[in-house]
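Visitor: Please take a close look at the aromatic ring pairs here. Go through them one by one.

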Amino acid sequence: MATRRAFLAGLAAASLPRLSWADAGSPAYLAAGKVGEAFVLHGLSGAGQSLFQIELPARGHAAAAHPDRPEAVAFARRPGTYALVLNCVTGRVTARLTPPEGRQFNGHGAFSPDGALLMTSEVVAEGSEGRIGLWDGRSYARIGEWASGGIGPHEVRRLPDGRLVVANGGIQTDPGDRTKLNLDTMRPNLTLLSPEGGLLDQVELPAALHQNSIRHLAVLQGVALLGQGVAFAMQWEGDPAEPVPQLGLWTPGRAPQLCPPAEADAFAMQGYAGSIAVSGGMIALTSPKGGVVMLFDSTGAPLATHRRADLCGVAPAPQGFVATDGQGAVWSCDAAGLAPLGQGATLWDNHLLALI
């Protein structure tokens with residue numbers, strides 16, 4: 001039974017004005033970066049202009065946005081020990097998430113559709129066994145965890161029906177210096193969890209590609225051929241002289257489909273896909289290492305390759321994509337090419353999160 005104090009506290013909270021993303025300027029994207037020596041998180045407009053900037057304690061990697069409240073959870077670069085809940089209206093840090101002892105955050109997280117639950121990718125520091133941390137979406141108290149289904153989970157994505165797809169990268173890392181410890185025996189996988197955390201499906205790559213670490217995900221919505229599935233981006237840890245695909249498609253219940261680029265572009269990404277997004281029947285795959293963004297259609301057939309040094313962040317736009325690079329530029333991107341949207345002092349980091 002609720003106490004009188006709890007009842008009054010709830011009544012007081014209910015009487016406060018409820019802020020929305022409109023109060024934060026209706027940002028279309030969230031992106032981490034660096035300005036001088038300061039690490040920051042920006043809210044960007046659809047045209048790539050900064051609407052707000054909030055300082056972070058260390059290098060950021062990705063962010064999760066609450067579906068209703070103007071709150072963003074900024075995650076440290078993996079393996080990290082901080083995740084900050086930021087009020088994007090006031091710029092205040094309202095909560096700091098710390099993983100349980102012996103655990104580390106692994107760069108990404110996702111909210112449940114109603115915002116009541118935050119799910120974070122984590123590893124047990126010794127051995128890199130994967131966990132999905134569970135946090136209350138209002139108090140941000142730790143309330144439990146699920147097994148991720150593999151080693152080194154990185155990005156997690158929620159399907160429209162509430163199921164969770166986990167990219168288990170398969171790499172065991174030293175908890176102190178990020179040294180990769182098991183490249184000869186790594187086994188990346190894609191794992192599908194129920195909304196309650198139960199294992200529903202899991203697939204691995206062919207044995208010859210066991211060193212292709214599965215890292216990032218984009219949900220394929222509205223693509224009739226694939227139903228509720230994902231596009232996934234990989235990073236090759238094998239012989240750099242071997243051209244291997246960095247893009248794959250997966251619909252639960254089926255085998256993963258690998259999508260090689262055009263033959264002339266086989267080495268363009270240099271074995272490293274940094275980020276992935278889906279928009280209007282196209283898939284964008286970036287490589288800061290190779291300095292390219294590749295576009296594919298919804299079946300995985302190559303459409304175009306555009307070159308820009310240190311391009312990595314990419315997210316859907318009403319027409320095509322928006323992309324960011326490590327030199328401070330924001331770009332519009334479609335099959336025809338890259339067009340500049342803006343240039344600023346912030347050197348953009350790995351990812352761009354769409355709020356539209």
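Guide: Two rings of Phe, Tyr or Trp count as a pair if their centres lie within 6.5 Å, with the six-membered ring used for Trp. Planes under 30 degrees apart are called stacked, over 60 edge-to-face, and the rest tilted. By this rule the count is 2 aromatic pairs.

Start with Phe75 and Phe105. Their ring centres are 6.2 Å apart, and their planes stand at 70 degrees, so this pair is edge-to-face. Phe75 sits in strand β5, residues 71-76. Phe105 sits in strand β8, residues 103-111. The pair therefore ties together parts that are 30 residues apart in sequence. Phe75 has 0% relative accessibility and counts as buried. Phe105 is buried too, with a relative accessible area of 0%.

Now take Phe105 and Trp135. The centres of these rings lie 6.0 Å apart, with planes at 45 degrees, so the pair is tilted. Trp135 belongs to strand β10, residues 129-136, while Phe105 is in β8. This pair links distant parts of the chain, 30 residues apart. Trp135 comes out at 4% relative accessibility. The limit for buried is under 20%, so Trp135 counts as buried.

Phe75, Phe105 and Trp135 are linked by ring pairs into a cluster.

A word on confidence. The model is predicted. Its mean pLDDT is 91, and 93% of the residues reach 70 or more.

Key: Residues numbered from 1 in each chain as written. Predicted model: local features only at pLDDT ≥ 70, side-chain atom pairs only at ≥ 80, totals over all residues. Heavy atoms only, no water. pLDDT = per-residue confidence, 0-100. Helix = DSSP H or I, 4+ residues; strand = E, 2+ residues; numbered from the N terminus. Buried < 20%, exposed > 50% of the residue type's maximum accessible area, 1.4 Å probe, protein only.
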